[in-house]
Structure formats: structure tokens, C-alpha cells
Amino acid sequence: MVNKVLATFVGIDILFVATGALILGFSVIVQKTCFDAPTDGHMAARDLLYQQFPFSAGIGNGIFTFIAFACTLPALATSSRTWLKAAVFLVVVDAIFSLAIGLQLWILTLRIKDTFSNLWVAQPPAVQSLMQISFECCGYFNSTSPPFHSDSTCPSPASAALMTGCAMPLSQFSNTFIDNIFTALFGVVGIDAVVVIAALCLLKERKEMARYRHIDEKTGVRGTF
């Protein structure tokens, strides 16, 4: 008969390691591509945001998830509660790790307008122009602060003065973009919490089985558990 508690833990454990693979793969791939030359304004804005992300921490988080998962394997292969307790501890640490990264991204959204102002000033005219065209705006705060660059959206000072600055549309884009990512990270923390709960249930069951086995040994009964 299949042990339902153990089967549930195995399923959740697989989901847990999948989140680690996702975080690790995303961090490694995006870290390598976020400095590529942009082809449009949305790509430019997205990559500038990615450059502010703690990808090294993300890679560390993904690797630590694999370590925690590896610790669950001997716990599953044997009836050892020691390995399972160690796995619970590592999963809790991993959850705190993921939560810290998510909070760091959330804090980034609180000052995104000022952060993007510095990023905007640091970009060459070609990249600023790409964002002006994609977000249909001129300059950052307005067409003169800092000054716009002439393109199809802002062909002249007169037309640029009628356009809004890029601060608002870029801030809206950035907040939505980062919100989706840190919400996903908080979802990962939720999965970590479910892993801990499932592990604690398995620990409780194994403790009860060990107690009943001990009772059976005392009374001379064999093979009940």
C-alpha cells in the first residue's frame, strides 16, 4: 500500500527542486543576455531593469535549493528522521533566501522613478531614442529635463514639448515587470513552506511508526509496521 504522506512529500519535493532549476536557469541566462544591444525601447527598459537584479544571489539561491533537495534524498531512501530534520532546516534557510531576494526587488519598485532617472542619463542617445519611440514620450521628466533626442516621436522642440516625459510610462512598465517577478519569488517561498509542512507531517508519522514498532518489540509482535 502506498504511503500517502510519503507520496505527497515526494511530489512536493519534485516541485521544490523544479523551482530551484527555474531560478538558477533564469538567473544564469538573463545575466548573460541583459547587456545585449537592444532592438526596441521595451527591450532596452527591460534589460536596464535586469541589470539591477541580484542575479548572483539568484544563482546562489538556485544552487542552495539543489543542496536542500539532495538532503531530502537519503531521507526518502531510508526511514531516517535525522536527514529529514536537516532537510527541513535547509528548506527554511532557502525560503528566507528567496524571501530576501523578493523583498530586495520589491524595495526597488519603491524608488524606481529615481533609479531609472540615473539609468536614463547613463544611456547613449540611441538607447534613449528607442525608449522615447516605444513609450511615446520625450526626455525623462519632460522634454527638457534631461533634454530629449530627436527621433520620429520627438522631431522638434515644439512637438516634444507637447509630449509627456518618459518617467511615468517607464515607471509603470518597470513596476508591473518587477511586480510579476517578485510575486513569483514569493510563490516560491510558499512552495518552500508547503515542503516544510509536508516534511513535518512525514516526521510525525515516522515518529509514531517508531513508537509503535518499539511497543511491538516489547510485546513480541512482529511485522505490524
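User: Where does Asp47 sit in this model?

Analyst: The model is predicted. Asp47 has its place in helix H2, residues 41-50.

User: Is Asp47 buried or exposed?

Analyst: Start from relative accessible area; under 20% means buried. Asp47 has 4% relative accessibility, so it counts as buried.

User: Which residues is Asp47 in contact with, leaving aside neighbours within four places in sequence?

Analyst: A contact here is a pair with heavy atoms within 4.5 Å. With those neighbours left out, Asp47 is in contact with Thr33, Cys34 and Asp36.

User: How far apart are Ala37 and Ser129, in sequence and in space?

Analyst: Take both separations together. Ala37 and Ser129 are 92 residues apart in sequence. Their C-alpha atoms are 13 Å apart in space. Ser129 itself is one of the buried residues of helix H6, residues 125-135.

User: How do I read a list of buried positions in a helix?

Analyst: Use the helical repeat. An α-helix has 3.6 residues a turn, so residues three or four places apart point the same way. Now take H3. Its buried residues are Phe55, Gly58, Asn61, Gly62, Phe64, Thr65, Ala68, Phe69, Cys71, Thr72 and Ala75.

User: What follows H6 in the chain?

Analyst: Look at the backbone torsion. H6 is followed by Glu136, with a positive phi near 55°. Glu136 has this phi although it is not a glycine. The residue lies in the loop between H6 and H7. Its relative accessible area is 55%, so Glu136 is exposed.

User: Which peptide bond is cis?

Analyst: Check omega. The bond from Ser145 to Pro146 is cis, with omega near -15°. Pro146 is also in the loop between H6 and H7.

User: Where is Thr164, and which residues does it contact beyond its neighbours within four places in sequence?

Analyst: Thr164 is in the loop between helix H7 (157-161) and helix H8 (167-219). Leaving those neighbours aside, Thr164 is in contact with Glu136, Cys137 and Cys138. Thr164 and Ser143 are 21 residues apart in sequence, yet 7.5 Å apart in space, C-alpha to C-alpha. At 47% relative accessible area, Thr164 is partly exposed.

User: What does the radius of gyration say about the protein?

Analyst: Set the value against a globule reference. A compact globule of 225 residues would be near 17 Å; the protein has 26 Å. Along the principal axes, its C-alpha atoms fill a box of roughly 95 × 25 × 25 Å.

User: What share of residues is buried, and what share of contacts is between residues 24 or more positions apart?

Analyst: Of the 225 residues, 41% count as buried. Among contacts with a separation of 6 or more, 75% come from residues 24 or more positions apart.

Terms used: Residues are numbered from 1 along each chain as its sequence is written. This is a predicted model: local features need pLDDT of at least 70, side-chain atom pairs count only at pLDDT 80 or more; totals for chains, interfaces and linings use all residues. Side-chain values use heavy atoms; hydrogens and water are left out. The radius of gyration is taken over C-alpha atoms; the globule rule is 2.2 Å times the number of residues to the power 0.38. Buried means under 20% relative accessible area, exposed over 50%, partly exposed in between (1.4 Å probe, protein chains only). Helices (H or I, at least four residues) and strands (E, at least two) are DSSP runs, numbered from the N terminus.
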